[in-house]
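Here is a short briefing on one protein model. Look at the structure first, then work through the points below.

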Amino acid sequence: MAAASAAARMLPDGGADDEERWLAEGIAGVQQNAFYMHRALDSNNLKDALKYSAQMLSELRTSRLSPHKYYELYMRAFDEMRKLEMFFREETRRGSCSVVDLYELVQHAGNVLPRLYLLCTVGSVYIKSKEAPAKDVLKDLVEMCRGIQHPLRGLFLRSYLSQISRDKLPDIGSEYEGDAESINDAVEFVLQNFIEMNKLWVRMQHQGPVREKEKRGKERNELRDLVGKNLHVLSQIEGVDLDMYKETVLPRILEQVVNCKDDLAQFYLMDCIIQVFPDEYHLQTLETLLSAFPQLQPSVDIKTVLSQLMDRLSNYAASSPEVLPEFLQVEAFAKFSNAIGKVIEAQPDMPVVGAVTLYVSLLTFTLRVHPDRLDYVDQVLGACVKKLSGKAKLEDSRATKQIVALLSAPLEKYSNIVTALELSNYPRVMDYLDNATTKVMAVVIIQSIMKNTTCISTSDKIEALFDLIKGLIKDMDDGDQDDELDEEDFKEEQNSVARLIHMLHNDDHEEMLKILCTVQKHILLGGPKRLTFTVPSLVFSALKLVRRLQGQDGDVTGEDVPATPKKIFQILHQTIEALSCVPSPELALRLYLQCAEASNDCDLEPVAYEFFTQAFILYEEEIADSKAQITAIHLIIGTLQRMNIFGVENRDTLTHKTTGYSAKLLKKPDQCRAVYACSHLFWTDDQDGIMDGERVLLCLKRALRIANAAQQMANATRGSSGSVTLFIEILNKYLYFFEKGIPQITNTVIQDLIELIRTEKQSDNAVVDPSTEAFFSSTLRYIEFQKQKGGSIGEKYEQIKASS
């Protein structure tokens, strides 16, 4: 039989079916006896009413139901007991039976559980009648309920007692208020009932086989509100002022919480205390409340409860700014900080994520209650560093997430990275992040700067900032190479660093130079892959400073010299030179040319010549791709054309080199275009600009020869003379210089070129290209348009016959 019973318990479905059957039998017993009880009540038969009510309540003596099913049965009986209570009240009002006699009579019930339910019901009527002090009746009832020590039955019995007595406590302003001591009696009653209920609740965990421990934990969790309601009742008693709460209520509750040594009970009850009692009470009893935390079981989720307490108090401070002095008066921060330290010390096995979560809550509390106390914020970060000391970089993703929350909180609060830079422990906390998260945090910092347009204006702060974002500006030590990173992510990260460099500014020239030197020091250590993103930003930031310093000069020897353009150009030369290790010659050439143009504006001819020299060296030695060469030569031509500080010798040297490089490009069409572009180097519109018509004509004639050679080569290789586009482009250059008034460019030269183009177009092996036709037609229309203008321009064009 025992074996069969054990087998039945092992089958979940069978067990559930049995329990449903037992519940149905219990409900049927309650309903049947309730029917006879109602009939007795209707006939005013007190004796039968007590008999059937006791039999009905006997159904609650079962031990076979789970808490959830037992609750269903209890509620059926509870509804019937309310009717019985109304009958008792009516009987005593009519005088059929005195309440004292009734109180004695129900104590003759055969079984303890029905007897105590009946006693509580009559006790409610007794208190209502006021024939005895409420405190005496309540004391009697709470003591007698000790007769039930079965955890489940005892819990529901005491819950019934709490339910029927909650509106009959001798509280201030209550109709049952007695002498001055009656408040103490009310509090004592609720506390005693709470303590006994908690003991019963805890005992449930230790009954039954070990294999069902988890199941019992779930069942206990369902019953927790029965215990917690007592604390809610306590919080509603008007007579419980701050003094009583501080001296009596809180110490008694905490004593029970600590002594029960049950993790589920401790977590729930600490949470209840925080939720049901007023915030001002918590603030004034902070030390007492916090002293209990280190005494809780190691398995209790202390971080959640403590975090809730800090959140509540910080919300309290935010909603009522006038209470802030109280926080300072009670030294709330110091007490929380001390309590967290003790909790961590008392639980050496606490996971890192738990400790860091506590510090996140403390920091949030500090930022909301004491936002002006940076020393408090740094103290929290320092405590976190102390906890993490001796450990390697965090690998727990949850702990890492909390560290990021810890570091992000000051940024969100102050909206200013400069404030975070004043926190000495901020970078020390970041050191414990893994490389990937360090990068994420660095991006968060840069985004904060961008969002709030924060101006970081001293080299010291830049140094501290670059230490924080080092994950983005250099390779980390563990060999986590950037090629493993998604290329798009890497570009986005480096672009954010580049944007950051543009935001660094100081109106003081000396300090701005220090900032640039600091940035240079860091980015040159960043590895070749990053330089193409960061060097241009640094160069253009430095050139902005050069523009501000235009016209200034000075000795540039030594380190501690005033900020001068020469000094900055030296730094720029070193910085751009670093791109040679990438290699990125096209970018370096562009930057050299930018610096050359800035040197021109500062009237520094030797510096400008040096930058051009470096650009030419790059062109000769590093740029091998033909397309890159075309782009580079046109950049050189454009920049050189804008230069106006070179003497005759230097300019001749540079223009000679440029035209030489142009004529040596790989493809003839590219040579042609580069050579005719060089014509602009010999004629500028500036007042003091160079105007050498002979050399302009020489360039254009040379371009014509190259175009002609390109035609012949096309004819030899493809059997056709190719397009005449190059001739038309050269014609447009002739027209440009013709209008500028260069005497060597005559209308006869232009007319001859037009006829040459027509002849080439009409040759038997010419290629018909619609775009070329349109280009030539447009050029001829332009000539006609200029003729029709009249005036000096019209006269110049009059001799040219555009129409065929």
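Leu753 is in contact (heavy atoms within 4.5 Å) with Leu704, Phe727, Ile730, Leu731 and Tyr734, leaving aside its neighbours within four places in sequence. This is a predicted model, where local features need pLDDT of at least 70, side-chain atom pairs count only at pLDDT 80 or more, and totals for chains, interfaces and linings use all residues. Residues are numbered from 1 along each chain as its sequence is written, and side-chain values use heavy atoms, with hydrogens and water left out.

**Around Leu753**

- Leu753 sits in helix H37, residues 747-762. Helices are DSSP runs of H or I with at least four residues, strands are runs of E with at least two, and both are numbered from the N terminus.
- Leu753 counts as buried because its relative accessibility is 4%. Buried means under 20% relative accessible area, exposed means over 50%, and partly exposed lies in between (1.4 Å probe, protein chains only).
- Ile730 is 23 residues from Leu753 along the chain, and their C-alpha atoms are separated by 8.9 Å.

**Helices H9 and H10**

- H9 (residues 182-203) and H10 (residues 213-236) pack at an angle of about 165°, with axes 9 Å apart. Axes are lines fitted to C-alpha atoms, for helices over the stretch in contact, and angles run from 0 to 180 degrees between N-to-C directions.
- The two helices, H9 and H10, are therefore roughly antiparallel to each other.
- The contact includes Val187, Phe194 and Trp201 of H9, and Arg220, Leu223 and Leu234 of H10.
- The residues of this contact between H9 and H10 divide into 13 nonpolar, three polar and two charged. Ala, Val, Leu, Ile, Met, Phe, Trp, Tyr, Cys and Pro count as nonpolar, Asp, Glu, Lys and Arg as charged, and the others, Gly among them, as polar.

**Salt bridges**

- The whole structure holds 33 salt bridges. Each is a side-chain nitrogen of Lys or Arg within 4 Å of a carboxyl oxygen of Asp or Glu.
- Glu85 pairs with Arg89 in a salt bridge, with the closest N and O atoms 2.9 Å apart. Glu85 and Arg89 are four residues apart in helix H4 (residues 67-94), so about one helical turn separates them.
- Glu85 is buried at 2% relative accessibility, whereas Arg89 is partly exposed at 33%.
- Asp301 and Lys303 also meet in a salt bridge (2.9 Å, N to O).
- A network of salt bridges links Asp18, Arg21, Glu25 and Arg64.

How values were computed: Angles under 35 degrees count as roughly parallel, over 145 as roughly antiparallel, 65 to 115 as roughly perpendicular and the rest as oblique.
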